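Visitor: I am new to protein structures. Could you show me how to read one, feature by feature?

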Amino acid sequence: MTTRTVEIVGGGLAGLALGLGLRRAGVPVVVHEAGAYPRHRVCGEFMTGLAESTRARLGLDPLLADALEHREAAWFRGGRLIRQQVLDTPAVALSRHVLDRRLAEAVMAAGGEVRTGSRLAIDEAPTGRVFASGRRADTGSPWIGLKIHVRGLVLDRPLEMHLGDGDYVGLCAIEGGRVNVAGLFRRRSGLAGERERMLFHYLRAGGLGDLAERLEASDPDPESACAVAGLNYGRRGRRDEARLVVGDADALMPPFTGHGMALALASAEVALDPLIDWANGRGDWASALTRVRADSRARFSFRRRAARWLHPVLTHSAGQRALDWFGRAGLLPVGTLYRLTH
């Protein structure tokens with residue numbers, strides 16, 4: 001009989017999906033989320049490489065039944081098309097505004113507890129506590145993430161990827177006729193302003209003025225504008241070795257892959273069986289932590305290393321010029337790069 005409760009810090013994709021999977025197995029769950037639902041988050045809002053087995057194990061299919069599916073993508077540099085791409089499997093597109101809320105409701109409907117406005121000390125790691133959030137911001141990071149939704153925008157392809165001067169911006173058609181615009185930008189001095197205008201300022205500073213004008217000529221939704229700073233795409237530090245971590249609390253996936261959301265969900269699946277065993281008295285907490293860490297390393301470390309290697313190439317002017325040349329020459333190994341990061 002299950003007697004142990006799993007406490008999850010962070011009600012994002014990984015935390016909520018893990019909570020839902022545990023409740024489907026009868027494990028008592030409490031999810032602590034500092035914010036509230038629904039809410040907007042800086043995110044590409046599409047996922048590639050999400051396995052059918054992961055969707056089934058976590059019970060995600062009903063929540064994604066009406067998500068859009070995209071097979072075509074276009075890459076641009078400075079407003080010029082450099083490559084069109086047909087994805088091996090469809091990208092699943094649904095806003096975090098909708099998906100997080102659905103997941104939270106599903107956890108509660110399954111008998112779990114979701115406490116919004118609840119903050120726990122991330123330096124305390126008692127038995128039974130899983131960290132799906134609590135990422136420590138890197139104060140030395142040069143990166144800032146910005147996002148906004150726009151209406152009435154006609155896309156060249158359902159997915160557009162734009163490379164600017166050290167920047168990366170992704171456009172994705174989502175539900176309700178909206179387009180999600182999310183970008184990773186190098187911090188620039190002198191670009192302070194209202195939250196809903198920040199992305200447009202950064203687009204122009206990064207040489208993507210045409211894209212900024214195109215977006216402004218549509219119908220931006222100021223309520224969807226959000227930002228996040230202190231992003232670090234390296235490995236987690238030793239301070240996390242005593243904690244059982246999943247999703248972004250473990251490591252961030254560079255956004256150009258479109259694989260960050262899928263990886264967060266897959267990390268929840270990896271943690272599921274060790275936590276079910278622990279909750280039912282089959283093994284101690286140290287064993288569960290060791291299993292999750294080993295399985296995560298075996299399943300994700302190669303693609304994370306590949307993405308970390310490609311990340312500076314896509315965000316450096318010399319690397320972008322090389323991609324531009326290879327793309328126009330038809331020599332860019334898009335399929336190989338996709339498989340390396342997925």
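This is a predicted model: local features need pLDDT of at least 70, side-chain atom pairs count only at pLDDT 80 or more; totals for chains, interfaces and linings use all residues.

Visitor: Let's begin with the whole chain. How many helices and strands does the chain have?

Guide: There are 9 helices and 13 strands.

Visitor: What share of the residues count as buried?

Guide: The chain has 342 residues, and 52% of them count as buried. Next, look at contacts between residues at least 6 apart in sequence. Of these, 74% join residues at least 24 apart.

Visitor: Now two helices. How do I describe a pair?

Guide: Two packed helices are described by two things: the angle between their axes and the distance between the axes. Take α1, residues 13-24, and α6, residues 260-279. Their axes come within 8 Å and cross at roughly 40°.

Visitor: Is the crossing of α1 and α6 right-handed or left-handed?

Guide: This crossing is right-handed.

Visitor: Which residues in α1 and α6 meet?

Guide: From α1 come L13, A14, A17, L18, G21 and L22. From α6 come M261, A264, L265, S267, A268, A271, L272, L275 and I276. Sorted by class, the contact has 13 nonpolar residues, 2 polar ones and no charged ones.

Visitor: Let me pick one residue there. Is I276 buried or exposed?

Guide: I276 sits in helix α6. Its relative accessibility is 11%, so I276 counts as buried. The cut-off for buried is under 20%.

Visitor: What does I276 contact, leaving aside its neighbours within four places in sequence?

Guide: I276 is in contact with L22, A25, V27, R57 and R282. I276 and G21 are 255 residues apart along the chain, yet their C-alpha atoms are separated by 9.5 Å.

Visitor: On to charges. What is the idea behind a salt bridge?

Guide: Side chains of opposite charge can pair when their charged atoms come close.

Visitor: How many salt bridges does the count come to?

Guide: The count comes to 21 salt bridges. One of them joins R39 and E33, with the closest N and O atoms 3.0 Å apart. R39 and E33 are both buried. They also belong to a network of salt bridges that links E33, R39, R96 and D100.

Visitor: What about pairs with partly exposed residues?

Guide: E113 and R115 meet in a salt bridge at 2.6 Å, N to O. E113 is partly exposed, at 35% relative accessibility. R115 is partly exposed too, with a relative accessible area of 37%.

Visitor: Which parts of the chain does the pair of E216 and R197 link?

Guide: Their side chains meet in a salt bridge at 2.3 Å, N to O. The pair links distant parts of the chain: E216 is in helix α5, residues 209-216, and R197 is in helix α4, residues 195-205. The two residues are 19 apart. E216 is partly exposed at 25% relative accessibility, and R197 is partly exposed at 31%.

Visitor: Last topic: cysteines. What is a disulfide?

Guide: A disulfide is a covalent bond between the sulfur atoms of two cysteines. Here the count comes to 0 disulfides.

Visitor: Are C172 and C226 buried or exposed?

Guide: C172 counts as buried, at 1% relative accessibility. C226 counts as buried at 13%.

Technical notes
Residues are numbered from 1 along each chain as its sequence is written. Side-chain values use heavy atoms; hydrogens and water are left out. A disulfide is a pair of cysteine sulfur atoms within 2.5 Å. Buried means under 20% relative accessible area, exposed over 50%, partly exposed in between (1.4 Å probe, protein chains only). Axes are lines fitted to C-alpha atoms, for helices over the stretch in contact, and angles run from 0 to 180 degrees between N-to-C directions. Helices (H or I, at least four residues) and strands (E, at least two) are DSSP runs, numbered from the N terminus. A crossing is left-handed if the near helix is turned anticlockwise from the far one by less than a right angle, and right-handed if clockwise. Contact means heavy atoms within 4.5 Å. Ala, Val, Leu, Ile, Met, Phe, Trp, Tyr, Cys and Pro count as nonpolar, Asp, Glu, Lys and Arg as charged, and the others, Gly among them, as polar. A salt bridge is a side-chain nitrogen of Lys or Arg within 4 Å of a carboxyl oxygen of Asp or Glu.
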